[in-house]
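Please report on the fold and packing of the two-chain model shown here. Keep it brisk.

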Amino acid sequence: MYKIIEHTADVGIEAYGKNLEEAFENAAKGMFAIITDGSKIDCKVKKKIELEKGDDEELLLVDWLSELLYIHDVENLVFGEFEVKLNDRLIGYACGEKYDRQKHGYGVEIKAVTYHMLEIKRNKKGVTIKVLFDI
Amino acid sequence: MWSGPLVKIGDYRYEIPKTYRGINGNLKMKVPALIYASDEMIPSIRKDNAPEQAANVATLPGIVGKSLAMPDIHWGYGFPIGGVAATDAEEGVISPGGVGFDINCGVRLVRTNLKVNDLDKNKIRQLVDELFKNVPSGVGSQARVRLNKAQLDDVLQMGARWAVENGYGWEEDLEYLEENGCMDVADASYVSERAKERGKSQVGSLGAGNHFLEIQRVAEVFDEEAAKVYGIEKDQIVVMIHTGSRGCGHQICSDYLRVLEQAVRKYNISLPDRQLACAPVKSKEGESYFKAMACAANFAWANRQMIVHWVRQSFENILKEDAEELGMHIVYDVCHNIAKFEEHVVDGEKKLVCVHRKGATRSFGPNRKEIPKKYQKIGQPVLIPGDMGTESYLLKGTEQSEEAFGSTCHGAGRVMSREQAKRRWSGREIARKLEQKGIYAHPASWVVMAEESPDAYKDVSQVVNATHGAGLSLKVAKMVPLGVVKG
């Protein structure tokens, strides 16, 4: 689950999950809903993403989303399904297809994932992530 | 709502005094901050936290003069958009946040010999459709040429010259670009593989967001003498291009924000906001960023150069006339997201400083060696793109702008978030309204049309009038769109 949030001229997402992994997955879903118009993205191409974990979860979140943004930009892919496993490293899978303006519509070009208002919060229900994009 | 002190110190000039201690009460400004604005603009400027950001910038090590903000100031990443800060070239710092993600986002104006009567509605429509076909635009727009690694390195180091040497444009074009379309300091070995990967397929594309390509009519001339020198007259058809360094620049900024965050710790710099990450100008990190930033700037100049070439081709295809016969010369090309080393007078002394312009345009007056020979007596052309459907401006640089390190505004500051704009208007509705005003728009999508709807921005004329009033740049001509290609 995620929702799109606004901040002055920028846009971001608040994503939830029962744990950090699920919150990371939902944050990625939210990001691609901003890039496209939220239309369905079929799972045709699967990409594996591996990241060093370090001890800064916020940095890891920025890395995860930036990595997806990078693949999107270079390979012209959009993703709709994600799977994140966190152990001593982050191992993630993103599944999607070539971007097609007719099919996926058109949202906003995200220039970068920012550190502004970046937040990872935990409570009894799980994890909430807040992240803003530069658009 | 920002409620800090804004002291009127002159016409169009509001100062945040050095004594202001910030929202948290512990800010240590090294210099005052100065916001250029008309009285009417102040309430809207107070609406977001941008003035606080201008005050934050005033704490940077080595900042000289004042931390400045132009009338189109709005909240940005670390530095406000519309911010100008100069730091000492020896003792100061350089900051990617003072440049922005879209390095060398800028504007180019191409003139023609055509008058508004030469093009009927149908021809405008044909031209816009042809431009849309020839210039890749929209999210994930991929260029028509995919470069290999060596070619991309050349683009990063040669800028617009690379494009001209490869058949995109005319030799004379280079003379009418800021920096002649190339910062020599660029060194592609400081650019990550990822940034290069993103650049390879995007050089020669408009992109998305607020970027556009417009066929415009010169609606009003305010300064006949300057207009004449710039080759501009009333009712003339001109073309405006607004785009930047695409994913390549975004990646370079992201990469170096990370590097400079580490540098902040290494050099023990204390900052009120993490996003002001910076490094001493003379440090390894600072120099590396500058060399990489210059590569992105060069990428953007090559990008706009290729687009100009396709604009000329599109006109040739539709009008069956040579671009040269059509007089399609470049008036000028300005960048509005950049850091540069320039000589300015600080406290009565000529000094080399690192000028950060983030959403601000260079506005050099007469006799500066950096501007084309043809414009020496008048000052450089300053190009201010409006928001779609309203108007854009051609101004001239002034000596007065020296007080702002030779800078002026860059456009209409956004007053509404993109999501808000999207909800309030549908793109088709806006296209219909534009059509009623005689403007034909071909957006890559209707959503973007809604996001970039004119009402989401401050009135550009208000912004331009404030800089005119302050003397930072003076109005020469106003252009209105006839046809729009939206990213």
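## Two asparagines with positive phi

In this predicted model, N367(B) sits in the loop between β14 (361–362) and β15 (381–384) of chain B. Its phi is positive, about 70°, although N367(B) is not a glycine. Most residues other than glycine have a negative phi. N367(B) has a relative accessible area of 63%, so it is exposed.

N104(B) also has a positive phi, near 55°, and is a residue other than glycine. This asparagine belongs to the loop between β6 (93–94) and β7 (106–115) of chain B. Is N104(B) buried or exposed? Its relative accessibility is 0%, and the cut-off for buried is under 20%, so N104(B) counts as buried.

## Chain B overall

Chain B contains 13 helices and 19 strands. Its radius of gyration is 21 Å, close to the 23 Å that the globule rule gives for 487 residues. Chain B is therefore as compact as a globular protein of that length. Along the principal axes, its C-alpha atoms fill a box of roughly 65 × 50 × 50 Å.

Of the 487 residues in chain B, 68% are buried.

## Strand pairing around β13(B)

Strand β13 (residues 349–358) of chain B pairs with strand β5 (residues 81–88) of chain B. The pairing is antiparallel and spans six bridges. Within it, A86(B) has V355(B) of β13(B) as its bridge partner.

β13(B) also pairs with strand β12 (residues 337–346) of chain B. Here 10 bridges join the strands, again in the antiparallel sense. V346(B) is bridged to E349(B) in β13(B). β12(B) and β13(B) form a hairpin with two residues between the strands. In this hairpin, D347(B) takes a positive phi near 50°.

## A helix crossing in chain B

Helix α4 (residues 149–158) of chain B packs against helix α9 (residues 284–319) of chain B. Their axes lie 6 Å apart, at an angle of about 100°. Angles of 65 to 115 degrees count as roughly perpendicular, so α4(B) is roughly perpendicular to α9(B).

On the α4(B) side, the contact is made by L152(B), V155(B), L156(B), Q157(B) and M158(B). α9(B) contributes A294(B), C295(B), N298(B), F299(B) and A302(B). By class, the residues of this contact are eight nonpolar, two polar and no charged.

## S461(B) and its neighbours

S461(B) is part of helix α13 (residues 460–470) of chain B. Its relative accessible area is 14%, so S461(B) is buried. Leaving out residues up to four places away in sequence, S461(B) touches E391(B) and Y393(B). T390(B) is 71 residues from S461(B) along the chain. The C-alpha atoms of these two residues are separated by 9.3 Å.

## The sheet of chain A

Chain A has an open sheet of three strands in the order β3-β5-β4, with antiparallel pairing. Which strands are at the edges? They are β3 (45–52) and β4 (77–86) of chain A, each pairing on one side only. On average, neighbouring strands of the sheet are turned by 20° against each other, direction ignored.

β4(A) pairs with strand β5 (residues 89–98) of chain A over nine bridges, in the antiparallel sense. F82(A) stands opposite A94(A) in β5(A). Helix α1 (residues 20–35) of chain A packs on the sheet and touches β4 and β5 of chain A. Its direction makes about 170° with that of β4(A). Helix α2 (residues 57–75) of chain A lies across β3, β4 and β5 of chain A. α2(A) runs at about 145° to β3(A).

## Where the chains meet

α2(A) also packs against helix α6 (residues 193–200) of chain B. The angle is about 35°, and the axes are 8 Å apart. From α2(A), the residues in contact are E67(A), Y70(A), D73(A) and V74(A). They meet E193(B), R194(B), E197(B) and R198(B) in α6(B).

How does this contact divide by class, and how many of its residues are charged? It has six charged, two nonpolar and no polar residues.

Technical notes
Residues numbered from 1 in each chain as written. Chains lettered and ligands numbered in written order. Predicted model: local features only at pLDDT ≥ 70, side-chain atom pairs only at ≥ 80, totals over all residues. Heavy atoms only, no water. Pairing = 2+ DSSP bridges. Helix = DSSP H or I, 4+ residues; strand = E, 2+ residues; numbered from the N terminus. Axes fitted to C-alpha atoms, helices over the stretch in contact; angles between N-to-C directions. Contact = heavy atoms within 4.5 Å. Parallel < 35°, antiparallel > 145°, perpendicular 65-115°, else oblique. Nonpolar A, V, L, I, M, F, W, Y, C, P; charged D, E, K, R; others polar. Buried < 20%, exposed > 50% of the residue type's maximum accessible area, 1.4 Å probe, protein only. Rg over C-alpha atoms; globule rule 2.2 N^0.38 Å.
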